[in-house]
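Look over the sequence and the model below. A short report on the fold, the helices and the surface follows.

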Amino acid sequence: MFGIGGGELVFILFIVLMLFGSDKVPEIARTMGKAMAQLKNATNDIKSEIQKGAEANGLDSKSLNDITGNINAEINNAKSNLLGDTGNLLGDTSNEIEKVKEDIDSLSGPIKRQR
């Protein structure tokens, strides 16, 4: 929840309890719950109005999904063209690292760790 752990949440609740007192905390929670419900209702109303407006202008959800699907495909195509074939980069690098490690081991012997 927002990157807050259990300990931090308990600390925040303790501070809220100290600031507002035990009699005000339930009232604050009720008010916040009502505000969140109103926000959710307003969001749903806005979504439905946008859908109604889109349908009135001849756009339905299928055509909108097609448009966004095409946009996503173009973005993925551009990313693949920009990045090229990077899959072999890590494989080649690890092979080169192993070769250098073997060369060092053959010259100096394997490294022994001291304790």
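This is a predicted model: local features need pLDDT of at least 70, side-chain atom pairs count only at pLDDT 80 or more; totals for chains, interfaces and linings use all residues.

Start with Ile4. Its relative accessible area is 32%. Buried means under 20% and exposed means over 50%, so Ile4 counts as partly exposed. Ile4 sits in the segment before helix H1, which covers residues 6–20.

Ile4 also belongs to a nonpolar surface patch of about 990 Å².

## Helix H1

H1 is 15 residues long. From first C-alpha to last it reaches 21 Å, close to the 21 Å expected at 1.5 Å a residue. Gly21 follows H1. The phi of Gly21 is positive, near 85°.

## Helix H2

H2 takes in residues 25–56, 32 residues in total. Its reach from first C-alpha to last is 46 Å, close to the expected 46 Å. How many of its residues are buried? The number is one of 32, so H2 lies largely in the open. Just after H2 comes Gly58, with a positive phi of about 90°.

## The whole chain

The chain has four helices and zero strands. Read from the N terminus, the order of elements is α-α-α-α.

Of the 115 residues, 3% count as buried. The accessible surface of the chain is about 10,700 Å². Carbon and sulfur atoms account for 61% of that surface.

Methods:
Residues are numbered from 1 along each chain as its sequence is written. Side-chain values use heavy atoms; hydrogens and water are left out. Patches are made of residues with over 30% relative accessible area and no salt bridge: like charges are joined within 9 Å, nonpolar side chains (Val, Leu, Ile, Met, Phe, Trp, Tyr) within 5 Å. Accessible areas come from the Shrake-Rupley method with a 1.4 Å probe; for residues, only the protein chains shown count as cover. A salt bridge is a side-chain nitrogen of Lys or Arg within 4 Å of a carboxyl oxygen of Asp or Glu. Helices (H or I, at least four residues) and strands (E, at least two) are DSSP runs, numbered from the N terminus. Buried means under 20% relative accessible area, exposed over 50%, partly exposed in between (1.4 Å probe, protein chains only). The expected span of a helix is 1.5 Å times one less than its number of residues.
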